[in-house]
Structure formats: C-alpha cells, structure tokens
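Student: I have a protein model open and would like to learn how to read it. Can we go through it feature by feature?

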Amino acid sequence: MTPGMARPQRMRVGSPAVLAFGSNLGDRAATIRTALDALRAEPGLRVEAVSRLYETPALKLDGIDEEAPAYLNAVARIDTVLDPLALLALVNRVEDALGRLRTERWGDRTIDIDIVDYDGIVSDDERVTLPHPRAHERAFVLVPWLDVAPEAVLAGYGRVADLAAQATDPVTPYTAESLDGTNGGDR
C-alpha cells in the first residue's frame with residue numbers, strides 16, 4: 001500500500017427491516033424517542049425513516065382495555081447488517097435499558113419494540129417469527145408503516161394499505177408531540 005493512502009473499506013450491504021414501537025407508561029413519546037436514539041447509535045443499523053406518532057387504546061388478550069393507559073405507537077424503517085436474531089437481541093437490550101418488564105403478556109409497558117418485517121422473510125423460528133404475528137391485523141402497526149413506506153407489502157399477507165383498510169383497532173394521529181421533540185411534552 002502506498003504511504004499516506006487510506007486502507008479501502010469494505011461496504012457491507014444491509015437488509016431492510018421494519019420495527020414497531022409502543023409505549024403506554026411514563027413519558028411515552030420521550031421513551032420512543034430514546035429507543036430510536038439508542039438504535040441510531042448502534043453500529044450495523046441505520047434508521048431510514050420514522051413515522052408520526054399515533055395514539056391507540058391498550059389492547060389486551062381479551063380486547064381493548066379502556067381502563068389501561070393509552071399507547072403511543074410508531075414505526076421505523078431501518079437498514080441493518082444484523083441478522084434477525086441479532087436484531088432481536090439488540091431491541092430486547094434497548095427495551096431492558098428503558099425499563100421494560102415482562103411480567104404480563106400484552107401488559108402495560110414502558111416500551112415494546114417488535115420486528116414486524118425483515119427483508120420479506122417468512123420464518124416460524126421459535127425465537128423470532130417473521131413477519132410478526134398479528135401485524136397484518138393491527139392498525140397500530142399498519143397505519144404508521146404507511147407513513148414510511150406507502151407501497152409496502154407484508155410477506156404472506158399483501159399490501160399494507162389494503163391490510164390497514166381492513167384493520168378495526170382505533171388509531172388516532174397524536175399531534176401533541178413529534179418524535180423530533182417539537183410541540184411540547186407528552187400529555
């Protein structure tokens with residue numbers, strides 16, 4: 001190598017993925033923002049686009065729980081060199097760092113980060129199912145996804161726009177707070 005010349009860097013090609021964020025405890029918007037910032041700081045992952053925030057009622061195993069705090073939800077389109085299991089481990093570490101407790105299935109939580117789609121892969125691996133189970137019927141995932149990928153397709157289910165039109169859970173744009181921190185704090 002010629003003195004003074006930089007060593008060539010190999011470019012690693014990543015895979016596209018979609019992550020869904022939900023929070024119904026504490027400062028929900030700040031928690032989602034902090035989770036996104038933590039992911040942005042990780043090598044091997046680039047956040048390409050983030051949806052608006054949406055507010056949704058808490059959905060429990062037996063349906064909507066009007067007594068539970070409402071959720072804020074968002075979706076991020078990412079590019080990553082991490083494989084699905086490594087990506088799952090990363091999002092679980094971020095959840096844990098933000099106080100996520102796993103005591104009740106579908107219980108209230110400070111943060112939930114799901115891998116909704118990973119490069120269109122369909123997998124029933126016991127550790128990570130792709131696409132995420134029930135994503136095809138959840139407006140709180142599908143509607144924000146359309147913000148970042150209007151032509152998206154969910155492997156095995158079809159166009160996200162068509163799926164969102166069929167989903168029945170209520171989703172309301174949350175205008176009091178954006179993910180860049182403008183317009184004040186969480187209500």
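Student: Where is the place of Asp112?
Tutor: Helices (H or I, at least four residues) and strands (E, at least two) are DSSP runs, numbered from the N terminus. Asp112 sits in strand β7. This is a predicted model: local features need pLDDT of at least 70, side-chain atom pairs count only at pLDDT 80 or more, and totals for chains, interfaces and linings use all residues. Residues are numbered from 1 along each chain as its sequence is written, and side-chain values use heavy atoms, with hydrogens and water left out.

Student: Is Asp112 buried or exposed?
Tutor: Buried means under 20% relative accessible area, exposed over 50%, and partly exposed in between (1.4 Å probe, protein chains only). Asp112 has a relative accessible area of 14%, so Asp112 is buried.

Student: Which side chain does Asp112 join in a polar contact?
Tutor: A polar contact is a pair of N or O atoms within 3.5 Å; within protein, one must be able to donate a hydrogen and the other to accept it, and residues adjacent in sequence count only if both atoms are side-chain atoms. The side chain of Asp112 pairs with that of Arg109 at 3.1 Å.

Student: Which residues are in contact with Asp112, leaving aside its neighbours within four places in sequence?
Tutor: Contact means heavy atoms within 4.5 Å. With those neighbours set aside, Asp112 is in contact with Ala20, Phe21, Gly22, Glu95 and Arg100.

Student: Now a helix. Which one holds Val148?
Tutor: Val148 belongs to helix α3 (residues 139–148). With a relative accessible area of 8%, Val148 is buried.

Student: How many residues apart along the chain are Val148 and Glu48?
Tutor: They are 100 residues apart along the chain, yet 8.7 Å separates their C-alpha atoms. Beyond residues up to four places away in sequence, Val148 touches Ala49, Val50, Ser51, Val75 and Arg77.

Student: What about Asp162: which helix is the place of Asp162?
Tutor: Look at helix α4 (residues 160–166). Asp162 has 38% relative accessibility, so it counts as partly exposed. Asp162 and Leu142 are 20 residues apart in sequence, and their C-alpha atoms are 9.4 Å apart in space.

Student: How do I read backbone angles?
Tutor: Most residues other than glycine have a negative phi, and most peptide bonds are trans. Asp119 has a positive phi of about 55 degrees, although it is not a glycine. Asp119 lies in the loop between β7 (112–118) and β8 (123–124). Arg134, not a glycine either, has a positive phi of about 70 degrees. Arg134 is in the loop between β9 and α3.

Student: Which residues does a cis peptide bond join?
Tutor: Leu130 and Pro131, with omega at about -10 degrees. Pro131 is in the loop between β9 (129–130) and α3.

Student: How do I find empty space inside?
Tutor: Rolling a probe the size of a water molecule over the atoms shows where empty space is left. On a 1 Å grid over the protein atoms alone, a cavity is a set of points where a 1.4 Å probe fits but cannot get out; lining residues have an atom within 4 Å of a point. Grid points are joined across faces, edges and corners, and a volume is the space filled by probe spheres set on the points. The count here is one cavity of 30 Å³ or more. Thr56, Pro57, Leu59, Ile64, Asp169 and Pro170 line the largest cavity.

Methods. On a 1 Å grid over the protein atoms alone, a cavity is a set of points where a 1.4 Å probe fits but cannot get out, and a pocket is an open set with protein on both sides within 12 Å along at least five of seven lines; lining residues have an atom within 4 Å of a point.
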